[in-house]
Amino acid sequence: MHVELKDITKTFGTLRANDSLTLSFAEGRIYALLGENGAGKSTLMKILSGYQPPDSGTIFIDGRAVTFQTPADALQCGIGMLHQDPLDVPNLTVLDNFMLGRREGLLPKRKAARQALTAHATRLGFEIDPFRYVDSLTIGERQQLEIVRLLSLGARLLILDEPTTGISAEQKHMLFSALKRLAAEEGMTVILVSHKLEDVAALCQEVYVLRGGKLVGHRHMPTPIDELVTLMFGQSLPRPTRGAHNLGAEILRAESVSLTARRLTVRDLSLSVRSGEVIGLAGLDGSGQSDFLRACAGLQPLNGGRILIAGVPIHGKGYAELLRMGVAYAPSGRLEEGLVDGLTLSEHFALTTNNGLWINWRAANALAARQIARYNIRGAPHSPIQTLSGGNQQRTLIALLPENLRLLLLEDPTRGLDVESTAWVWQQLLARRDQGAAILFTSPDLDEIVTYSDRVLVFCEGRATLVEDLDDSARNPAERLGELIGGKRT
Amino acid sequence: MSQAAKLRGTLLTFGAALSAALALIALIMLSLDKAPLAAAQRFLEGAIGTPSARADVIMAALPMLLCAAGLLLTFTAGLWNIGVEGQVTMGAIFATIIARTIPRDVSDWGALAALILPAELLLAMLGGALWAGLVALLKIRGGINEIFGGVALNFISVNILLSLVNGPWRVGTFPQTAPFAPAALLPRQADLRLSPLGIAIALIAFAVVFMALRGTRFGLQLRAIGRNAKSAGILGVRVERNIFWALVVCGALAGLAGAFQVLFTRGRLLPNISGGIGFMGVLIVLLTGVRAAWVLPVTLFIATVPIGSLKLATSLDSAVQIDAALGNVFQSALVLAVLIGGGIRARLAARRKERAEHG
């Protein structure tokens with residue numbers, strides 16, 4: 001199967017995520033799609049796998065133009081995508097998950113499915129027990145299940161989005177050899193989306209490099225790593241140096257905290273944060289870092305231990321109360337939990353000013369106008385919040401944070417933002433830090449964590465490990481964190 | 001979209017829905033060999049043709065208006081207060097606690113006589129608020145959806161009512177109390193069945209709710225909770241506290257409506273005292289799409305239905321005589337048609353927007 005993307009363009013608001021991209025993927029070859037965060041890799045792969053349509057441009061399969069309404073359409077044409085966080089149903093068995101999405105009428109044929117599952121798995125050298133529950137599998141095993149499922153549904157082109165984050169070295173080796181065999185023996189086309197150059201060097205035959213939504217390079221491997229880095233970043237970026245700032249009194253203290261995250265329980269977490277400090281929370285999605293943030297905001301109960309804000313235990317206090325104590329939480333889902341779809345900017349500002357029975361609309365409008373100017377928000381006081389772009393919604397969320405905060409809890413504060421907005425957001429946050437606020441934030445982007453954190457708390461398999469000496473080590477800090485996240489001890 | 005275009009769209013939707021509901025009624029009547037046009041004329045005469053008919057419509061509208069006003073608060077906060085029926089019933093029961101003890105002659109009570117009515121109304125509001133407060137506590141502390149809590153409490157309130165009128169409060173052969181003394185009732189005009197005081201109370205209650213939704217922090221917080229409770233909480237709104245008060249105020253207003261039923265409409269406590277006015281309030285708020293400004297005219301419109309269809313039911317002309325239940329069919333069909341019309345409009349708007357963005 002030969003797949004061509006021609007002149008694919010996709011814009012989000014003013015951001016050109018994909019700018020007239022033309023790429024070609026031949027049968028039986030393994031490609032890498034390289035680029036830093038926000039380069040447009042995910043957007044392009046979502047278009048190719050049917051999750052979103054392009055604004056313009058065409059996808060050709062063996063010379064025939066195709067359009068996908070849904071991921072199922074793409075899969076019917078043989079294009080399957082393996083997501084970074086595998087899209088499976090955790091409380092079903094492996095076999096049930098495998099059977100999801102098969103079109104075989106009312107009564108599924110469990111026995112035939114089990115045989116197909118085992119056959120595909122054996123062919124790839126995977127060992128998967130059909131009757132185990134998915135939530136007891138490791139990320140690596142869930143990936144294997146997903147690959148087997150996509151193959152059985154007829155995938156001829158596999159897209160893998162950052163597949164080596166969070167799997168063991170052995171699983172990575174197994175994955176890579178299976179992919180190579182699929183390509184060589186069965187003509188499978190493989191696209192690896194990654195920013196890990198060693199993975200690209202180990203697996204891929206050709207490399208496409210994206211930067212700022214544009215295709216900036218197409219190379220055949222082997223290509224020197226330096227050349228790829230230069231293509232990805234334009235020029236090698238120096239790591240920003242952190243200005244010295246003073247640490248104040250202890251703001252947050254966690255004492256042997258135990259809490260339940262989506263898939264696991266985090267135990268025995270202890271941490272002390274002083275004013276003026278920035279702590280990055282790293283870990284795979286769902287390892288407990290977001291849950292810890294929510295617990296600090298009084299939004300999630302603890303199983304054990306306690307959390308103190310400026311020496312006061314927060315047990316039994318709601319978020320509204322903590323907010324008055326100078327603690328603010330900003331979730332990553334802006335319109336899901338943070339802003340109210342359907343209310344205007346003025347109404348949002350009116351909600352956050354707490355005084356009096358009647359709303360002083362003139363004052364609320366004035367406050368909105370002032371904050372719009374100060375935070376450079378593209379919108380008017382009477383604009384409904386959902387009409388703003390993601391970047392402007394994020395600006396609004398930050399503009400809504402009260403003054404004189406002591407502790408800021410931020411879940412992925414730059415999610416979906418372009419480079420400029422990201423820089424702006426951090427400028428605002430660091431200004432808060434310089435005024436004496438402590439910041440805890442999560443991010444899936446290790447570079448962001450390394451850049452802005454004074455210390456990093458790494459969440460992995462129910463443990464939280466504090467990394468204090470980011471700069472001291474001779475090794476690349478992001479790489480070190482990546483290994484900790486993946487469960488490798490250093 | 002401009003305000004005028006929006007209004008035009010709303011009126012158009014409502015007109016289409018009304019036509020659809022009327023067509024359905026006409027079809028039902030034709031299938032029963034009745035004359036729809038003659039019946040419609042008879043209905044209009046019966047509902048708004050005479051001063052006394054108009055007074056009946058207004059008085060029938062008052063308890064519905066009270067329920068609808070309360071439900072505006074709960075619907076704004078995204079709560080389905082189905083328990084409103086039980087809250088009406090408890091209001092009626094609590095008002096009866098005082099009303100049944102008032103003697104026919106209170107001439108020697110002096111100034112105390114002036115306190116009878118306020119005491120009845122306050123107690124009724126307390127009864128409704130208590131019942132709604134239970135729904136709120138079940139939801140907030142017990143995590144029980146307000147619909148389930150409300151349905152359960154509706155059943156309980158009906159059974160409390162039945163056990164009272166069959167037991168200790170029963171007077172005579174039927175399960176009901178004795179007629180209340182005039183001093184216990186809402187004062188009414190001699191010639192028309194009209195109570196200016198009742199009208200004033202209902203309008204003031206509605207105006208207070210209207211202004212609360214428009215200009216107060218409470219109203220804005222309820223709107224934020226209704227649209228996205230999680231986000232509201234992150235913005236510092238005390239979600240649970242606001243939910244509690246929205247339900248309790250709604251319950252108090254429903255209790256007041258229950259008091260209207262015993263102190264004006266029926267003049268005694270009897271089974272099915274609410275007569276479904278709580279649910280009628282739900283229908284009204286749904287019909288208006290939770291827009292307070294529309295509640296008053298829609299309530300008046302809805303109130304013509306039971307009055308008019310009662311006239312049809314009691315008509316001697318067999319070409320138009322039909323059971324009053326048809327009125328309920330009409331109301332429900334209208335609500336469904338309006339909801340469907342709203343859905344169609346939203347879909348058309350989305351399509352128009354998409355086309356505007358891509359072309």
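Strands β11 (residues 250-260) and β14 (residues 304-309) of chain A pair in the antiparallel sense over 5 bridges; strands count as paired if DSSP finds at least two bridges between them. This is a predicted model, in which local features need pLDDT of at least 70 and side-chain atom pairs count only at pLDDT 80 or more, while totals for chains, interfaces and linings use all residues. Residues are numbered from 1 along each chain as its sequence is written, and chains are lettered from A and ligands numbered from 1 in the order in which they are written. Helices (H or I, at least four residues) and strands (E, at least two) are DSSP runs, numbered from the N terminus.

**Four-stranded sheet of chain A**

- The open sheet has 4 strands in the order β12-β11-β14-β15 (chain A), with antiparallel pairing.
- Its edges are β12 (265-274) and β15 (312-313) of chain A; each has a single partner strand, so one side of each is left without a neighbour in the sheet.
- Helix α9 (residues 289-296) of chain A packs on this sheet, touching β11, β12 and β14 of chain A, and its direction makes about 125° with that of β11(A). Axes are lines fitted to C-alpha atoms, for helices over the stretch in contact, and angles run from 0 to 180 degrees between N-to-C directions. Contact requires C-beta atoms, placed from the backbone, within 7 Å.

**Six-stranded sheet of chain A**

- Another open sheet has 6 strands in the order β6-β7-β8-β3-β9-β10 (chain A), with mixed pairing.
- The edge strands are β6 (79-82) and β10 of chain A, each with a single partner strand, so one side of each is left without a neighbour in the sheet. From one strand to the next, the twist averages 20°.
- β6(A) and β7 (residues 157-161) of chain A run parallel and are joined by 4 bridges; Ile79(A) has Leu157(A) as its bridge partner in β7(A).
- Helix α1 (residues 41-48) of chain A packs on the sheet, touching β3, β6, β7, β8 (189-194) and β9 of chain A, at about 150° to the direction of β7(A).
- β9(A) and β10 (residues 214-220) of chain A pair in the antiparallel sense over 6 bridges. In their hairpin, which has 2 residues between the strands, Gly212(A) takes a positive phi near 55°.

**Cores and a buried helix**

- The largest nonpolar core has 184 residues, and those with the most contacts inside it include Leu409(A), Val458(A), Leu66(B) and Leu253(B). Such a core is a set of buried Ala, Val, Leu, Ile, Met, Phe, Trp, Tyr and Cys residues joined through C-beta atoms within 7 Å.
- In helix α8 (residues 217-227) of chain B, 9 of the 11 residues are buried, so the helix is largely enclosed by the rest of the structure. A residue is buried if 20 or more other C-beta atoms lie within 10 Å of its own, exposed if 12 or fewer, and partly exposed in between.
- The buried residues of α8(B) pack against α11 (345-352) of chain A and against elements of chain B including α3 (51-76) and α7 (196-215).

**Contact between the chains**

- 24 residues of chain A are in contact with 18 residues of chain B.
- On the chain A side, α11(A) gives the largest share, 5 residues.

How values were computed
Contact = placed C-beta atoms within 7 Å.
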